[in-house]
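User: Hi! Could you walk me through this one?
Analyst: Happy to, here it is.
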Protein chains: 2
Amino acid sequence: MEEKVDAIKQYFQNKDYSQLKEYLRDINSVDISSMFDELKDEEIIVMYRLLEKEKAAEVFTELDSDIQEKLISVLTDKELKDVINELYIDDTVDIIEEMPSNVVKRILKHITPEDRQIINKLLQYPEDSAGSMMTTEFIDLKENMTVEEALAKIKKIGVDSETVYTCYVLSTTRRIMGVITLEKLLLADLNTKISEIMDQSIIKINTLEDQENVAKMFDKYDEYALPVVDKEDRLVGIITVDDALDILKEEQEEDFEKMAAIMPSSDDPYLKKSVFEHVKSRIGWLLILMLSATLTGTILSKYEDAFATVGLLVSFIPMVMGTAGNSGQQTSTIIIRAMATEEVSLSDWLKVLWKEIRVGTLVGLALLIVNMIRIYIQYQDFELSLVLGITLILTVIVSKAIGCMLPMLVKKLKKDPAVVAAPLLTTVIDLCAIVIYFQVATSIIAELKH
Amino acid sequence: MEEKVDAIKQYFQNKDYSQLKEYLRDINSVDISSMFDELKDEEIIVMYRLLEKEKAAEVFTELDSDIQEKLISVLTDKELKDVINELYIDDTVDIIEEMPSNVVKRILKHITPEDRQIINKLLQYPEDSAGSMMTTEFIDLKENMTVEEALAKIKKIGVDSETVYTCYVLSTTRRIMGVITLEKLLLADLNTKISEIMDQSIIKINTLEDQENVAKMFDKYDEYALPVVDKEDRLVGIITVDDALDILKEEQEEDFEKMAAIMPSSDDPYLKKSVFEHVKSRIGWLLILMLSATLTGTILSKYEDAFATVGLLVSFIPMVMGTAGNSGQQTSTIIIRAMATEEVSLSDWLKVLWKEIRVGTLVGLALLIVNMIRIYIQYQDFELSLVLGITLILTVIVSKAIGCMLPMLVKKLKKDPAVVAAPLLTTVIDLCAIVIYFQVATSIIAELKH
């Protein structure tokens with residue numbers, strides 16, 4: 001990659017533009033767009049103008065919105081029109097949503113009235129809905145067409161369609177009667193009727209479906225494109241797998257953030273986000289978690305007599321709380337993911353709880369043994385080693401039970417388990433661990449018995 | 001979904017198999033395969049035999065390996081042969097890898113000698129390599145063909161190819177000269193030479209490339225299929241986006257597990273995994289983290305004099321350690337993900353550190369203010385409130401600095417940041433938090449000064 005940027009800089013230095021044009025032909029449009037980050041503004045503009053029309057449009061959709069804006073501002077009306085003509089409707093909508101209003105005006109000037117109407121309609125769908133993701137440029141066929149007629153239609157309108165690989169067979173009321181792939185059409189006899197070879201098992205998406213569910217459907221069905229229907233069940237658009245992949249990635253990154261107690265923020269890359277934005281997305285949970293930890297502290301102070309008498313008890317607090325927290329987090333992460341991927345449903349709660357209790361018992365038993373031996377060797381104090389052993393096995397079992405039940409409860413209440421469970425979990429598990437530890441200690445250690 | 005299973009059970013009760021056959025035609029193969037989980041063995045076999053040949057093969061590849069094995073054992077030789085003939089080579093290889101040897105023998109009996117040779121070769125690639133994922137059934141064209149000749153070739157060999165949508169133009173030594181999509185072929189004039197319209201910017205994968213990188217390339221380039229070349233740069237196979245998506249999902253789930261201190265285990269769903277398997281994947285880190293927490297405990301016991309004098313200090317330990325841990329985890333998660341998605345590279349370390357120190361200072365300042373006020377109101381003790389305030393801002397800054405530098409250091413040492421950083425991070429941050437807290441306390445609270 002860096003080699004390629006260097007090569008391009010060299011061409012610029014030598015003002016060898018015809019060679020550069022030749023060189024760019026062998027580079028993928030995704031790579032070209034990421035090179036733009038490392039070039040100067042004048043270089044970007046020159047390089048963009050050297051690209052072939054089709055590739056220029058591909059590169060354009062890949063660019064960050066600040067570079068898109070810069071480019072639009074220097075392109076002539078003719079050049080801008082060429083770019084926009086090559087774009088698919090869904091990409092145009094994405095760009096319009098990102099640009100300031102003066103740029104939007106300039107873009108809209110070059111769009112035909114019919115397309116402008118479609119764009120306006122797409123802009124009205126809720127932000128994260130299937131309707132806002134879809135494109136209206138698809139290929140529709142009729143049941144009574146022959147394969148030959150279908151192929152002729154594809155040849156005619158294919159150049160303006162986002163994909164020619166999946167075609168939809170529509171009734172007169174624009175309901176989907178079947179789906180047929182270009183592969184099937186190409187391999188079939190030319191006189192076959194479409195209705196004979198089309199696939200009638202149709203997966204449909206509603207315009208108002210949330211984008212996360214759309215992405216999951218692609219993941220589940222391994223389809224290249226899926227049709228979007230309105231509430232009258234008429235085909236209004238399609239979504240292709242590349243758009244679904246982007247959503248899947250976005251949602252996954254959000255899940256990582258949620259689990260690390262970070263509030264969702266803009267999709268800007270780490271280094272482009274301002275310090276203030278970073279602070280905003282992190283301070284909320286830190287404050288909440290800090291204040292909820294005072295609850296644990298208050299409970300802890302109730303046992304002041306105990307640790308005033310046996311000071312050593314304090315030094316095991318990090319281990320007890322740490323082990324409880326880690327055990328609970330293991331379980332909650334597994335259960336939250338299993339619910340997200342639909343491996344586990346709410347009705348499985350008893351099976352899950354029973355499994356976690358058994359896992360917790362075995363894990364706790366192992367920790368108990370290791371720890372009793374270690375403490376006995378270090379302090380030659382059987383009571384102390386017994387206290388820590390019993391505390392560990394109990395806290396691990398309790399943490400695992402809470403770790404699986406709390407996310408399921410949150411889901412049952414129709415909240416997002418990844419967001420709500422994490423902080424609640426920490427607080428609840430910390431509290432339980434402290435109470436178990438000091439209750440066990442006061443009932444076993446002779447000096448603490450009153 | 002449940003409705004559909006009920007409907008099918010109804011057909012079985014009425015022994016209405018011709019209606020069932022009709023009903024199954026409208027259901028997607030992914031849905032059919034997931035219904036198999038809820039049917040009895042005899043029902044599965046009857047239902048499978050009612051499927052059309054092509055759909056039967058699709059359903060077969062989607063099934064869990066235990067159901068595949070069950071099916072193979074009851075299928076006649078003729079039926080088994082039909083299934084295998086419909087499968088693509090990469091799916092056959094996947095199935096062979098999962099089956100016990102007696103079943104493998106029965107499968108291999110129905111495979112042609114040439115295919116058997118290919119399968120043997122594919123089985124020899126390292127487990128997680130591109131070679132083991134690819135299929136050898138692709139469409140290759142020659143530069144001097146016309147579009148008409150190319151389309152004729154696709155019609156002839158297309159039925160056996162995993163995809164007809166991306167075709168590769170090869171030299172006589174089987175090097176890739178260009179890539180051409182079926183869309184472009186279909187929309188072009190029949191007499192055009194392939195060399196004139198093929199795309200020369202080729203993305204290639206090496207046979208030994210790790211599957212995680214393969215998945216990332218699909219994610220980056222939004223391609224439907226990518227070619228795999230051997231070390232002599234000859235085209236030997238292709239990988240399609242559906243296989244890449246599966247890997248991407250697997251790797252993501254593994255990342256979630258790593259960050260929650262869980263060791264990777266089998267890909268079985270949660271409920272199918274045995275208690276012992278769950279224990280095995282969780283006990284390792286819990287033991288390590290438990291023992292490393294004793295280090296924090298040892299440091300803590302050094303300050304016994306301090307908390308023997310001012311008992312209240314103990315009750316703030318959960319808050320100080322919790323806040324430090326959460327601050328560090330926020331940063332480390334963000335940096336680990338940013339490195340995974342290549343938003344941040346190792347050379348950015350100074351920019352990252354500087355950003356985190358500023359974020360830490362602002363966040364710490366907010367926590368300081370909130371906490372000083374709260375403690376002053378609760379205890380009317382200015383010294384105590386000052387101790388906690390200073391402790392919090394210092395620990396947050398230090399935790400954020402460690403939270404970004406440690407993962408980068410681990411990456412620099414060519415280890416996986418998600419695996420190594422998490423436990424090390426907890427231990428290091430806990431230690432720092434305790435030391436900061438008691439150092440600040442002993443230097444501010446009058447009673448603790450000697």
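User: How many residues does the contact take from chain A and from chain B?
Analyst: The contact takes 90 residues from chain A and 90 residues from chain B, where two residues are in contact if their C-beta atoms, placed from the backbone, lie within 7 Å. Keep in mind that this is a predicted model: local features need pLDDT of at least 70, side-chain atom pairs count only at pLDDT 80 or more, and totals for chains, interfaces and linings use all residues. Residues are numbered from 1 along each chain as its sequence is written, and chains are lettered from A and ligands numbered from 1 in the order in which they are written.
User: Which helix gives the most on the side of chain A?
Analyst: Helix H17 of chain A (residues 275-301), with 16 residues. Helices (H or I, at least four residues) and strands (E, at least two) are DSSP runs, numbered from the N terminus. The side of chain A that touches chain B has 48 nonpolar, 22 polar and 20 charged residues; Ala, Val, Leu, Ile, Met, Phe, Trp, Tyr, Cys and Pro count as nonpolar, Asp, Glu, Lys and Arg as charged, and the others, Gly among them, as polar.
User: New topic: is strand S5 of chain A buried or exposed?
Analyst: Five of the five residues of S5(A) (residues 225-229) are buried, so the strand is largely enclosed by the rest of the structure. Buried means 20 or more other C-beta atoms within 10 Å of the residue's own, with C-beta atoms placed from the backbone. Ala225(A), Pro227(A) and Val229(A) point one way, and Leu226(A) and Val228(A) the other.
User: And which strands does S5(A) pair with?
Analyst: Strand S4 of chain A (residues 205-206) pairs with S5(A) in the parallel sense over two bridges; pairing needs at least two DSSP bridges between the strands. Here Ile205(A) has Val228(A) as its bridge partner. Strand S6 of chain A (residues 235-240) runs antiparallel to S5(A), joined by five bridges, and Val229(A) is partnered by Leu235(A).
User: What's in the turn of the hairpin?
Analyst: Five residues lie between S5(A) and S6(A), and Asp233(A) in the turn has a positive phi of about 70°.

Note on methods:
A residue is buried if 20 or more other C-beta atoms lie within 10 Å of its own, exposed if 12 or fewer, and partly exposed in between; C-beta atoms are placed from the backbone.
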